[in-house]
Every structure is written in structure tokens, then in C-alpha cells.
Amino acid sequence: MNTTVKENARVGEKYYYTKHRSGLDIYLIPKKMSSAYALFCTRYGAVDNCFKLEGDAEFTRVPDGIAHYLEHKMFENEDGIDTFARFAKYGASANAFTSMDVTAYLFKCTENFSENLEILLDYVTHPYFTPETVEKEQGIIAQEIRGREDWPEIAQYRNLLNALYKDSQTKLNVAGTVESIREITAETLYKCYEVFYNLSNMFLCVSGDVTMEEVLAVADKMLPVKEEKKIVRHYNEEGKDIVKKYVEDAFEVAKPMFLVGIKDVAKCESKREETKRGLAMQLITETLFGYSSEFAVEVYESGLIDELDAGYHRGNTGAHFTFGGESDDIDAAYKKFVDYMEEVKANGLDEEAFERARRMRYASYVRSFETTDIAETFAMSLIKNIDWFDIGALMAEITVEDANALVRELFEEEYYVLSVINPLAKEEE
Amino acid sequence: MQISRKEIFDGIALTAVKTDKFKFNRIFIDFIVPLTHEHAAENALFADVLTRGTEKYPGLLAVQKKLSSLYGADIDSYVGTSGEAHIITIYAKLIKDKYTLGGESITAALNELLAEVITKPQTENGVFLSEYVESEKEKLINDIAAQINDKDSFALHRAIELMCANEAWGVSEFGKAEDVEKITPASLFEHYKYLLSHAQIEVFTVGEFPEGAEEALVRELFADTARGEVPDYSTKIIKTVEKVKTIREHQELKQGKLVLGFRTGIGGYEEDYDVLRVLNCVFGSGTQSKLFLNVREKLSLCYHCSSRIYTKGVMMVTSGIEVKNYEKAKNEILFQLDEIRNGNISETEISSAKKRLRNAMLSVSDSPEALHSWYANNRIFGITDTPEEIIAKTEAVTKEQLVAAAQKIALDTEYFLCGTEGKV
């Protein structure tokens, strides 16, 4: 096994990479900090609901929310000892999360790194559940889902995705619904596990005061060498057309909330081009809507829009830009946004503002390396097949012309979707 | 990492953490005053007005443009409480010179801007600009109303407000909308002057600054300020409960938000607070705790159920549950506390709790924000221990001490926020 090293001298950081004989990709970002952070990830998330192994005749379609359900059940062990209890013995704080494209198992610790890593590699490679234990989890996950349903921002975002996307799995709810999780059985959980928890579909990412030798010693001991499996995923095609122009909902909130969404369905020639497109959108967002933009200052001072927030989200099945906030006059806020984008399309971005935005984004890139949380940033970037260490240099390559062209391509009013949360009318006592 | 604290002026001290661990340098300026109904709104508002414009950088756009030219440096503020002390923090955060793209030096420019913001606000007729004050009042009133948007946090704060209705701790750090309404540019300016001269001011820096730069900044900020007496911001600890309050309120909700408020009787001033830190981990903080293992894992009643202790001598338990499971969940939480009172605590539970604390304490030095909050919040209660010193104290805690502490804990308030189906 060969270990390679990659350095980013500008930010003063480096990482080591080894392809372990088990097929697992291992990354280590050394940092002299008290706390170490390790994430064991599989390239498997909510969007992977239709798949087969290479050579299989038929695709398998599984209930929504199953990747997340499986994550919960991985904490159970055959000997009956809960995984959390095993970590507690060494004082590590352990957790896991599932998103659209990834399931990650993680711990943070200040001592006994190797012992904790051993537990992590062990429990994630040893599934154990029975129909009874699967059943028992329903109540817990149902409350997780219900709790999220009480968040107006989440409802607003979910409504937006459902109005933006016709077919793409991008619109799926990570945890599924209270109804869909009832269809999940131990058998389907095992099936998903066998397909997606193959070490060649996984990677380990570590940051801390740790050496590659320490990590490899544990990997050698714990990881079985198994045959590589080639996964075929079926992602639904998504075109430019939207489902609905306007969606609304009502909650007990103080002020009306709104979120505008615009889908980006363009296909990029290469991963590098796709990465640059995402970075260009970040620079555009910062230039046009950042704290120091004239637009943000104007709507703040006039009080038209509070809690202004804009961003670009890219996953493996879809990408979209969002712009939102709170406003007592949603029509005026929406019009303000539409007119502003038309003006920017006509006149182009302010070059000075664009350069300031580039420096701001660069500074927050540097900041991402401050703590061992870089392990997570790095891992989430790997899921999209992007090397986080290249981001700073790629950001420098984007020109204002690139950005202007992108603005003109993406911002067409007929494809905008507006999602609104209205305050519930107060009931008379 | 080197930490030193020095009193520079009367009631104005500098704590400097020298470390090369981080990519950014940070400066926190804490204004500490008692939390009171009368002044909470003014305390919450003044810093927002300061960041709207200065003599040299009039207007928000000028301030923000200057910040963005400094690699998106931050100067901002937030308010919080520690016990019954109200803390208004103005902070600055800036990339270190050695990481700028051209190696240019920007540190001095940020310090200058920070000094401007704090000491040279834009004024008219000797007071704050009425335009800024009115606009920030409206935003603060909005923020106060918007607390209802986050249901879990709303339920917790509402429970605290009801539980401590007659205590300073029940006052919201943002004040009340009707008190914000009453503020005028003149009254706010007067309050700002009062804070400069009377608040306990703790400046906290983390990073690599040129030798003596931190102290020079503090001197520049406050040299012209005449200092008066700092008001008493100590916390009153209530030790007993006369009658349990039971309150149920309703909103349109999918899940019920349960909050149980307890009096521990042990405030941040007391030695036994370290016993409480361990007890809290045994009872309800973390995945090794009794609440997680029983209310969630064993009974599948919830996704989250946890406890938190406060230096006020209070412990709060929160959970999100189905409305019909209210009694079941509440009884299980109370039963688990009884288990501790009865000494049903295993050695593993105690050692796991201590290891969890140890891990948390050892992690403090990895985050500038955690360092600031550790030293700032503890100092209010006269605790000057380092995280390592607290580890030693918590590791010495015995089962008998846990049982004795648990026996002093008394339920004070049961609060349930739920949908209309839960109306009784």
C-alpha cells in the first residue's frame, strides 16, 4: 500500500492518502489539536432509492427514507451492547448523519484514538438487526420526522423542491415520511447494506494529531478484504420545466417567509467544469447578495426583506439556487429580486465587488482549515468527487466574464419558483 | 497556548490567549451588567446601532464595504446571559495577514474600524441617528416576535419565563417589544454612555497579535472613558419549590414539546457545581445518559430527550413527543431522576459520564468560541479554573455525592406546548 501526500502551501495544510488493501480509500489531514475527528462514509444517501449490481437484470426500488433508517439501525450489535456505550467507555462523542448523497458515521475524541477508530470500523462493517429491533425504531424516527415537520423553514424548502423538480430524487425527504418508513423491513435493510456498504463504495477521513501508520494499523486489523461490487444507480432525468410556479403553506410564525428557487440542470463536460460552475455561483451569490452588497444593504435599511439568505446547492442528482427571507410584502420582495436580476443580466456584475467577493470567499475557505472539522468538509467534498485542497486555486481561475455568462444563462423568470409560508390567522379566543 | 488576564482600567480587563492554532484572529468585547426588566431591551439594542455607521464610515454600506475589503472581516454583536448577568458581546474576526492572497497586512485596519464602531458612532444633535435607532428597534421587535418560529427553543424559553416569572433569570435577553418601543435616540445614547462607564468590560483575544497589540487596542478603546462603579450582576439562587407549576399551551403543531424545569439549588458559585456537571451527564446529557437510553432507546418515545444544567441553580429537560405520550414520557423522566436519588447508578454510568466531561473539557482549547465562552461565563461565577482543573474536580466526584445532589433537585415547572388535539 502506497501513501501519497498532497500539500496546499498557501493555507499551510496537507493530507495523506492511501488505498487500503480492503479497497477503502483513506485520507488523513494531520492537525496538532486536542480533538481528533474521524468519519467513515458510504456513497449512499436518500437519492439512491433505485439501484442494482452490475450484471443484475432488474433494478430494485426501495421505500423512501431507508438509507437514514439503516443508519439508525447500524448502532445495534449482535452482542446486545449499544454502539454508543462502546464509545462512551473511551469518552468519544459519536454520531452519524444521512443526507441526499451520503451516510456518515463519525466520532470526535481527545484520547484513545485507535480504540475509538477500531469501534467505528467494527460496527459499521457488522450489521445486525431483527424484525423486532427494526420495528422498535419506528417510534423514534417517526418523532424525528414529526419534529422536523414543525420547522417552517424546512416545510418551505420541501415545498420548494416539490414545485421545482418533476422527477429527480433531489426532492426526496432524507428521513422519508411516517408512512414510507412503515414499509421498511429487516430484509430490505440487509439488501441495501450489502449493496452500498461495500468498502470500495466507502472512504475514511480523519483529522487530528494522528499518523497514517496509526490509522492503517487499525484498518489492517479490522477491515475484511472483499470482492469489489459495481453499483448501478438509476437517477431520474430532470428537465428545465418546473412543476408549479407558486406554493404556499401556513405556520404560526411572526412574519411571512419566502424562498425563490431556480433549478440548474445544465450538464458539465467534466468534474472540474462542474466544480468551477459551483464556485462561480458562490462568487455570484456573494457579490449580489452578500452583507456588503448594495442590494443587501438597501433591503435591510428599507426593511423590505429581513433575514436575507441566498445560496447555491449542488448534489449528485441536481443543483439549484435559492434566495429568500422574511417580508411583510412578499410581492414587492419577489419583484425586487426579479428586477435586480434583470438589471444584473443587462449590465453585468460590478467588477470591484466581484473581486471583494472573491477575497471574502477565499478567507472563508482558509477558515475551513482551522479545526479538525476539516475532516467533515473534506469528506462532503469527496462525495461530490471534488478535492477540497484544489478549491482555493480553482476559485482564482473564475473570471467575471464566466460569472456574467452564467447569470444570463440561469436567471430566467419563467423558471423561478416561489415558496411562501404565511402566518396562521390568529384564532379568536 | 498561553492565557493571561490583566486589569487595564477599573473594571476593564484583557484576557489574551496566545496561540498559533487558528487561521483567524478574534477579539471579543463583553459588556457585563445585571439582567433586569428595565434595561434588557436597551442592552440588546445598543450594539446593533453601533454597527450601523461611524464618523469615518457613515452608513451601513460604508462599514460593510470596508469590512469586505478586509477579506470579509466580521464586526458584529450578540447578546446572551450567564446566570442573571446580561452579556452583550461585540466581536471582530479577521484572517491572519500571513494567509492573505498577496501577503498584505490588514490587522491594523480592522482594529481601527473596531475602535471606530465602539467609540465613534455616527451622531446627530449629540445622540444616535434617529433613522438607525428606529430601524434597529423594528428589527429587534421582529426578532422578539420571531422567537415563535423555532418551536423547541420557544418552548424552552417560555418554560423558563413562566418558571422564573419573579426572578431576573426569567427576563429575555432581548427584552420585551413594549420596552423596545419606548427607546428614543437620546435614551439609548445615554445608556450606551452608561455601559461604557459602568459595565464590567472583559476583552478576550485569541490568536497571534504583535507583542502588546491587544493591550494597546484596549487602551485605545477605553482611555477616554471615565469609569464609575460596576453594578452587582450576581445571581440569586432559589433553593426550594413551594408548589409545582403545570402549564399547557397550544399552537398548530405535529409534535408536542415537553419541558420540565427543576431547581437544583446548586448555583455556579458552589463547589458542588462540579458534582452537578457529572450528575447531568449521568441523567440526561449525551447518548450514555439515562434519559437517552430509557426514554428514547428503551421506550421509543422520542428522538431527543436531554437535560441541561445552568449556573442559575436550574436544570431543564426537553423532549419532542406524541401528545398522547405526555404522562408516559414525563413519568419516565421523573423515574430516571428517582433512580439516581435511590443510588441506582452503575460504576459504568459514572465513569462514562466523567469521560464525556473530560472529552468536552479537553476540546475547549480547539475552538476560539469555546475558549471565550468558557472563561467569560465561568468568571461571572468567580470560577477561574482551566478546563483541566475542572476535569480533576469532576473526576473526584463520588456516587454518594451524586445521590445527595439528586435528592436536592426538585421539580418546579411542567410545561407542554402542543397542538389543539392536546387541549384538556
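## Exercises on a predicted two-chain model

Helix 1 of chain B and helix 7 of chain B are roughly perpendicular to each other, and the exercises below, which concern a predicted model, begin with this pair.

**Exercise 1.** Determine at what angle the axes of helix 1 and helix 7 of chain B cross, and which residues make the contact.

*Solution.* Begin with the axes: those of helix 1 (residues 40–50) and helix 7 (residues 185–198) of chain B come within 10 Å and cross at roughly 95°. Because angles of 65 to 115 degrees count as roughly perpendicular, the pair is described in that way. Next, turn to the residues: helix 1 of chain B contributes B:Glu42, B:Leu45, B:Phe46 and B:Val49, while helix 7 of chain B contributes B:Leu188, B:His191, B:Tyr192 and B:Leu195. Finally, sort the residues of this contact, which divide into 6 nonpolar, 1 polar and 1 charged.

**Exercise 2.** Describe how domain 1 and domain 2 of chain A touch, and find which element gives the largest share of the domain 1 side.

*Solution.* The domain assignment places domain 1 at 3–233 and domain 2 at 246–423 of chain A, with their C-alpha centres 28 Å apart. Across the boundary, 39 residues of domain 1 are in contact with 30 residues of domain 2. On the domain 1 side, helix 5 of chain A gives the largest share, 8 residues, and that side divides into 24 nonpolar, 9 polar and 6 charged residues.

**Exercise 3.** State how many residues of chain A and chain B are in contact, and characterise the chain A side.

*Solution.* Count first: 49 residues of chain A are in contact with 49 residues of chain B. The elements of chain A that each supply at least two residues include helix 4 (131–149) and helix 11 (351–367). By type, the chain A side comprises 22 nonpolar, 12 polar and 15 charged residues.

Definitions and conventions. Residues are numbered from 1 along each chain as its sequence is written. Chains are lettered from A and ligands numbered from 1 in the order in which they are written. This is a predicted model: local features need pLDDT of at least 70, side-chain atom pairs count only at pLDDT 80 or more; totals for chains, interfaces and linings use all residues. Two residues are in contact if their C-beta atoms, placed from the backbone, lie within 7 Å. Helices (H or I, at least four residues) and strands (E, at least two) are DSSP runs, numbered from the N terminus. Ala, Val, Leu, Ile, Met, Phe, Trp, Tyr, Cys and Pro count as nonpolar, Asp, Glu, Lys and Arg as charged, and the others, Gly among them, as polar. Axes are lines fitted to C-alpha atoms, for helices over the stretch in contact, and angles run from 0 to 180 degrees between N-to-C directions. Angles under 35 degrees count as roughly parallel, over 145 as roughly antiparallel, 65 to 115 as roughly perpendicular and the rest as oblique. Domain bounds come from an automatic or database domain assignment.
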